[in-house]
Amino acid sequence: MKKRVVKILKVLGGSVAAVLLLLGVLTLLLNTRTVQNRLLREATALLQTQLGTHVDADSVSLSLFSMDITLHGVCIDDKEQRQMLAIEKLSARLSPRPLLRHEVEVQRLEVDGMDAMLLKPSKDQPANYQFLLDAFRKDKNEPADSHTMHIHVSRLRLRRVHVVYNTLDVYLHDATYKAGKHLLSIEGLKLHTDNHLPRKNTNKPHRGYFDPGHLHLTANMKWRLHLLRNDSLSATLQQCTVRDSVTGIDVADLHCHVEASKERLRIRRLTLQQANTVVNVPLAVIQLPHPKKATPLTFVADTITGRATLKDISRPFAPVLKDFKTPLNFSLSMSGTGDTISLRHIRINTDNRQLQIAATGEMTNLSKNKEMHIRFHVSRMQAKGATVENIIRQLPVKRFMMKQLRRIGDLTYGGRVTILWKKQHFQGLLRTAGGPIDLHLSVDGLNKYLSGSANSGAFDLGKVMDVNHLGSVACHADFKFDISKRRTARMRRQKGGKLPIGTVSAVVDDCSYRKIHVRNLFVDLKSDGAEAHGDILQQGKFRDLYCTFRFTDTDQMHKMKIIKPGVKFHKRLTPEQRKKK
């Protein structure tokens, strides 16, 4: 009995020794360059057959003891024999035990140095990488295979990755994903675009630098992934900085929680921080478009709050705001589609509440540049004290009649604002310390003119213009001013001057001077920038009074010169005749 046990043990021992010897020989063979290169040639040949294009690799190294695999110089061409993918070094460390359960557990996967050229010329033409997706796409009619190999990566690192997609150029310095801690860290992500056209602000100094066709963004971010599946994602953006040195975009911090599916994107607790600006969005829901279900893109955001200094967006969007340092507190709600935006419950105020705005608005035709319309209904705008003057002084614009503006005092406005392509329209009631004004104002940005009309039943013109003994005025005025810097500069070189260039035509229904009421007064005023001269006509039943006046400075209207006053007698005129005259 004892001899039999010894014999069995010897057989078992010999068998184990043989297996170990075989594994040892295989390990030695696999660790020789000859066997490894042969395996590499067979693998690349198999892959070439499956992809139908050129596949190559310089070398491979395998180690069964540490389960390390390293590939050097991997290249894959597209169907046009252009190099589509090139990897300098790809290394992986596997865990041996999961292989017995048809699972591949990659302890560490690293890619160091990769260049990819991805092209999709148009919507109707296939992408040059489509064959790669098709080759590894699982057939939906294929029955489920219980022996399907499952792959799990514990740690992934990408270094020096360069991807070109049409006009988009992306470079990644370093990215690390740790599955155990669910952390994704991205450093030095650079995104460049170049549509090979001049930048949109070329020869347009008043236009911002932002241009989607010319971006040079650099970003760093940290994500915590809570759920990652083929059809859903739940993640928290813990930290993010985005900067574009050319356009001036500079996001110091961005963090939020994101939940995404094939149909919907939910963003919670979003906070965006710039140098002097912070924006908070508690919840935003985006319904993604679905062509088969004919579902359009829609979105809605809860009350957005924040504090903004417009200087922060001056370089990318509005250089005119580069010195605008007054902080503005705001809140609003937002909803819309891919072509419209609706703004509700807009509230804006300064810290001292000397400026307060309440409004609603909408934007339409967003996809059509020249047909885009922006409309605001201002239910109430109130500016107290020197707020309006302080705001104007932060803007690099010509400042005319600032003393008159100061005398107007507190302003309250209600009305409509319409912004079209190179045109803006303002219509509403402006209440001032001098009286109410029904205002219609248009800015023609294409031809560079400001025009409109003003109507008031009782406006204290004498107080505002500093003209003694002139009291309340009931009048209607039409005006047009030249706002072209080129034309204005040419006139300034010829004549100098401190006045705006334009015309005013007014009908005074009633005014008082030294307690004397004057009615039916017609005023025509023309200003060439250096001097303003006007004609006044007062019509009576049997006589007309007329005169000419001139002035060179709106701040010294009391020095206005009255020239050539006169009287003209005539037969009695009917109201219709006087109106024609």
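Strands here are DSSP runs of E of at least two residues, numbered from the N terminus. With that in hand, welcome to a short tour of a predicted model.

- Together with Ile313 and Phe317, Phe210 makes up a nonpolar patch on the surface.
- The accessible area of these three residues together is about 250 Å².

**His216 in β10**
- Strand β10 is also where you will find His216.
- His216 has 30% relative accessibility, so this residue counts as partly exposed.
- Setting aside residues up to four places away in sequence, His216 touches Leu191, His192 and Arg199, and also Arg243, Asp244, Ser245 and Val246.
- Asp169 is 47 residues from His216 along the chain, and their C-alpha atoms are 9.4 Å apart.

**The nonpolar core**
- The largest nonpolar core has 83 residues.
- Met221, Trp223, Leu237, Val508 and Phe551 are the members that touch the most others in this core.
- The biggest contribution to this core comes from β10, which gives five residues.
- Leu237 is in contact with Met221, Lys222 and Trp223, as well as with Leu254, His255 and Cys256, leaving aside neighbours within four places in sequence.

Terms used. Residues numbered from 1 in each chain as written. Predicted model: local features only at pLDDT ≥ 70, side-chain atom pairs only at ≥ 80, totals over all residues. Heavy atoms only, no water. Patch = residues over 30% accessible without salt bridge, like charges linked within 9 Å, V, L, I, M, F, W, Y side chains within 5 Å. Areas by Shrake-Rupley, 256 points an atom, 1.4 Å probe, with all protein chains shown as cover. Salt bridge = Lys/Arg side-chain N within 4 Å of Asp/Glu carboxyl O. Core = buried A, V, L, I, M, F, W, Y, C linked by side-chain atoms within 4.5 Å. Buried < 20%, exposed > 50% of the residue type's maximum accessible area, 1.4 Å probe, protein only. Helix = DSSP H or I, 4+ residues; strand = E, 2+ residues; numbered from the N terminus. Contact = heavy atoms within 4.5 Å.
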